[in-house]
Amino acid sequence: MRGARVVLRLATPADVAALSAIRSQPEVTRWWTDPSDEATIRAELDDPDVERLAVWFAGRVVGAIQWYAEPTPAYRHAGIDIFLDPPVHGRGLGSDAVRTLARHLFDAHRHHRLVIDPAAGNADAIRCYARVGFRPVGVLRRYERLPDGGFRDGLLMDLLAGELTEPA
């Protein structure tokens with residue numbers, strides 16, 4: 001999938017080292033608390049319930065974006081997660097990747113609604129998703145357990161087909 005600035009393609013075992021290095025960065029692990037070792041990332045690529053895509057920019061992997069589907073007909077929708085290498089933060093690549101995947105999920109998979117759930121305190125991510133058209137739905141209290149055993153709140157955001165915004 002080609003965005004305005006990024007290319008999204010299925011992540012492969014050849015991407016594992018780069019994705020592990022990116023996900024190990026403190027600016028990423030602050031918000032993305034899943035283990036970042038290569039064995040974990042390699043195992044994630046085999047999860048049949050989640051499609052993981054490498055985010056390419058300027059000829060290299062700069063992150064990953066993934067999606068999953070809720071298949072129950074009455075509740076059918078898709079969810080998205082993303083992380084990017086800190087040196088490319090603030091360049092609009094995140095919103096381009098999210099917009100590109102959202103368009104694909106609406107057009108090719110015929111989803112009518114997408115969800116994303118950043119940490120409630122992750123203002124940069126929330127602004128990124130809002131630029132694409134996601135709207136806050138509500139706070140998910142004590143949503144995510146942290147490595148130290150504590151919790152943090154999440155912000156549930158959704159985007160309906162027809163609300164996807166184009167780049168400014």
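User: Are Y129 and F134 buried or exposed?

Analyst: This is a predicted model, where local features need pLDDT of at least 70 and side-chain atom pairs count only at pLDDT 80 or more, while totals for chains, interfaces and linings use all residues. Residues are numbered from 1 along each chain as its sequence is written, and side-chain values use heavy atoms, with hydrogens and water left out. Under 20% relative accessible area is buried, over 50% is exposed and in between is partly exposed (1.4 Å probe, protein chains only). On that scale, Y129 and F134 are both buried.

User: How many aromatic pairs does the rule give?

Analyst: Rings of Phe, Tyr and Trp (its six-membered ring) pair if their centres lie within 6.5 Å; planes under 30 degrees apart are stacked, over 60 edge-to-face and the rest tilted. Run that rule here and the count is 2.

User: What kind of pair do W32 and F83 make?

Analyst: Their ring centres are 4.9 Å apart. The planes sit at 65 degrees, so this pair is edge-to-face.

User: How many residues apart in sequence are the parts that W32 and F83 tie together?

Analyst: Helices (H or I, at least four residues) and strands (E, at least two) are DSSP runs numbered from the N terminus. W32 is in the loop between α2 (26-29) and α3 (38-45), and F83 is in strand β4 (residues 77-84). W32 is buried at 11% relative accessibility, and F83 is buried at 7%. So the pair links parts whose separation in sequence is 51 residues.

User: What kind of aromatic pair do Y129 and F134 form?

Analyst: Centre to centre, these two rings are 6.4 Å apart. With 65 degrees between the planes, the pair is edge-to-face.

User: What radius of gyration does the protein have?

Analyst: It's taken over C-alpha atoms, and the globule rule is 2.2 Å times the number of residues to the power 0.38. For 168 residues, a compact globule would come out near 15 Å. The protein agrees, at 15 Å.

User: Which residues is V7 in contact with, leaving aside neighbours within four places in sequence?

Analyst: V7 belongs to strand β1 (residues 7-10) and is partly exposed, with a relative accessible area of 25%. Contact means heavy atoms within 4.5 Å. With those neighbours left aside, V7 touches M1, R2, A54, V55 and W56.
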